[in-house]
Amino acid sequence: MNNDDQKLIEAIVAGMQEQKAQNIAIVDMTKLDAPCSYFVICEGNSSRQVESIADTMSDYVRKSIKQKPFAYDGYDNAEWIATDYGSVIVHIFKHETRQFYDIEHLWDDADIEYVPNQD
């Protein structure tokens, strides 16, 4: 992992943890033919929490490492908010929606690191 990606992922995870995001997974797709190098995936218990996680995470990234996303989508219903940072795409799900799509397992050959929940 290059230094820029590492700093970005650390800031994303820290921002997520500020809003009590659960089951954070970092999916390393650098060895695959994938649309980006990493996914960072987490979940919240409600649409309101999903939106709060997304807002706090992007604010944290912008303030700590001065990086803004290229695009984001999903605020309309806040079941699944995706934020594109180029080499890293962030997916913030409502628990049931994450279970349904199970995206980290669509990339079976990728390495997945799970971040312990903060209680």
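Predicted model: local features only at pLDDT ≥ 70, side-chain atom pairs only at ≥ 80, totals over all residues.
Colleague: What makes the backbone oxygen of Ala-54 and a polar atom of the Ser-58 side chain a polar contact?
Modeller: They lie 3.0 Å apart. A polar contact is a pair of N or O atoms within 3.5 Å, where one must be able to donate a hydrogen and the other to accept it, and residues adjacent in sequence count only if both atoms are side-chain atoms.

Residues are numbered from 1 along each chain as its sequence is written, and side-chain values use heavy atoms, with hydrogens and water left out.

Colleague: Why is Ser-58 called buried?
Modeller: Its relative accessible area is 14%, and buried means under 20% (exposed is over 50%, partly exposed in between; 1.4 Å probe, protein chains only). So Ser-58 counts as buried.

Colleague: What makes E2 and E5 paired strands?
Modeller: Two strands pair if DSSP finds at least two bridges between them. E2 and E5 have seven, so they qualify, and they run parallel. One of the bridges joins Val-40 to Val-90 in E5.

Colleague: And how do you know that Ile-12 touches Val-40 and Val-90?
Modeller: Contact means heavy atoms within 4.5 Å. By that cut-off, Ile-12 touches both, along with Met-57, Val-61, Tyr-85 and Val-88, not counting residues up to four places away in sequence.

How values were computed. Helix = DSSP H or I, 4+ residues; strand = E, 2+ residues; numbered from the N terminus.
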